[in-house]
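Subject: Model for your files, with notes

Hello,

Here is the structure you asked for. My notes follow it.

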Amino acid sequence: MELRHLRYFVAVAEEGGFSAAARRLHVVQPTLSMQIRDLEHELGGPLFDRAGRQPRLTPAGAAFLAEARQTLAQAERARDTARSALRGETGTVRIGVAGAAVFGGLLTGLIRDFHQARPRVGIELREAGPLTQHAAVLAGELDVGFSALAAPPGEPRLSSIRAGSVSFLVALPAGHRLTGHETLTADQIDGEELIEYMVGDGDLAPHGVPRHVTLPPGRFRADSTLSVLALVAAKVGIAVVPSGVDRAAVPEVVYRPLAEPGPSTEFHVLHRSDEPAPAVAAFIRACG
């Protein structure tokens with residue numbers, strides 16, 4: 001039994017005759033009649049009573065009609081679903097994100113624009129440091145990563161797109177003597193106890209320190225921006241953090257911009273070089 005048998009049967013039942021059904025289906029009547037007889041032979045009995053001028057459904061035919069319509073409707077839904085998936089209009093994009101990436105607004109802007117263009121695609125955000133993102137994208141556990149680390153040059157299976165850059169602010173404990181300044185220079189923060197980002201799989205590479213600032217041996221370190229801010233709030237030191245962090249409104253932390261052109265960090269969208277999923281490929285193209 002094939003879908004065309006069901007379409008032919010439903011057409012005859014709805015049109016009330018073989019001639020009208022043949023015209024609707026754009027086939028010749030003998031072909032239609034043969035297909036219906038093949039279907040009846042497969043099922044083991046007649047679906048139409050052909051005794052009168054017009055064929056009428058037998059009890060078996062009436063029971064079969066409801067199921068045939070349901071099967072055809074399901075097949076239509078399956079076809080539409082597959083076509084939507086192939087066009088990247090449905091599916092899910094799993095994004096690995098480090099905490100600092102959210103604050104600058106780069107990622108949220110990309111997601112907002114993509115969602116407006118493809119509202120039926122699901123988005124999953126998962127906390128993961130840059131090195132974890134690399135491994136997870138290769139393993140198929142994430143689709144893309146968003147962090148300050150680009151694809152490693154020695155790994156042809158991974159590629160990355162520059163998404164933009166994030167500048168930095170100085171985070172100070174409330175009441176710190178430097179909060180009296182509207183802006184800060186590198187000389188003013190030189191020698192302060194600077195809370196460091198951990199080298200490794202933290203959420204931001206620890207190179208957001210202005211030039212000419214002398215870093216003493218780090219006594220206080222953290223692997224995420226929120227953890228860094230917790231140490232600032234605890235009044236153990238100050239930190240250079242990504243701009244946009246001030247939107248988080250962490251209690252007992254105030255922010256001051258750098259008076260001179262400060263450092264910036266580029267963020268990248270990491271992805272598989274040969275991406276098979278249409279929705280993920282569409283997201284990657286939207287980031288380019």
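Gly-145 has 0% relative accessibility and so counts as buried (buried is under 20% relative accessible area, exposed is over 50%, partly exposed is in between, with a 1.4 Å probe and protein chains only). Gly-145 is part of strand β5 (helices, H or I of at least four residues, and strands, E of at least two, are DSSP runs numbered from the N terminus). Leaving aside residues up to four places away in sequence, Gly-145 is in contact with Gly-96, Gln-133, Val-137, His-268, Val-269 and Leu-270; contact means heavy atoms within 4.5 Å. Gly-145 and Pro-55 are 90 residues apart in sequence, and their C-alpha atoms are 63 Å apart in space.

Some notes on the model itself. Residues are numbered from 1 along each chain as its sequence is written, and side-chain values use heavy atoms, with hydrogens and water left out. This is a predicted model, in which local features need pLDDT of at least 70 and side-chain atom pairs count only at pLDDT 80 or more, while totals for chains, interfaces and linings use all residues. The protein chain has a mean pLDDT of 87, with 90% of its residues at 70 or more; pLDDT is the predictor's confidence in each residue, from 0 to 100. Residues 205–216 have pLDDT below 50, and this stretch makes 27 contacts in the model beyond near neighbours in sequence.

Cores

The largest nonpolar core has 20 residues, of which Val-93, Ile-95, Val-144, Phe-146, Val-269 and Phe-283 touch the most other members. A nonpolar core here is a set of buried Ala, Val, Leu, Ile, Met, Phe, Trp, Tyr and Cys residues joined through side-chain atoms within 4.5 Å. Two or more residues each come from β3 (91–97), α6 (106–117), β5 (144–147), β6, β11 (264–272) and α10 (278–287). The most come from α10, which gives 6 residues. Phe-283 touches Val-93, Ile-95, Phe-114 and Val-144, again not counting residues up to four places away in sequence. There is also a second, separate core of 18 residues, with Tyr-8, Phe-18, Ala-21 and Leu-39 among them.

Helices

Helix α7 (residues 130–139) has Pro-130, Gln-133, His-134, Ala-136 and Val-137 buried. The cover over these buried residues includes β3, β5, β6 and β11.

Helices α2 (residues 18–25) and α3 (residues 29–43) have axes that come within 9 Å and cross at roughly 105°. Axes are lines fitted to C-alpha atoms, for helices over the stretch in contact, and angles run from 0 to 180 degrees between N-to-C directions. The two helices, α2 and α3, are therefore roughly perpendicular to each other (under 35 degrees counts as roughly parallel, over 145 as roughly antiparallel, 65 to 115 as roughly perpendicular and the rest as oblique). On the α2 side, Phe-18, Ser-19, Ala-21, Ala-22 and Leu-25 meet Gln-29, Leu-32, Ser-33 and Ile-36 of α3.

Ala-117 is in helix α6 and is exposed, with a relative accessible area of 59%.

Loops

His-26 is in the loop between α2 and α3. Although not a glycine, His-26 has a positive phi of about 60°, and His-26 is exposed at 73% relative accessible area. Glu-252, in the loop between β9 (239–242) and β10 (253–257), is not a glycine either but has a positive phi of about 70°. Glu-252 is partly exposed, with a relative accessible area of 47%.

Glu-275 sits in the loop between β11 and α10 and counts as buried at 15% relative accessibility. The side chains of Glu-275 and Arg-272 make a polar contact of 3.0 Å. A polar contact is a pair of N or O atoms within 3.5 Å; within protein, one must be able to donate a hydrogen and the other to accept it, and residues adjacent in sequence count only if both atoms are side-chain atoms. The side chain of Glu-275 also reaches the backbone nitrogen of Ala-277 at 2.9 Å.

His-176 is in the loop between β6 (158–173) and α8 (186–189), and at 18% relative accessibility His-176 counts as buried. A polar atom of the His-176 side chain lies 3.0 Å from the backbone nitrogen of Leu-178.

Regards
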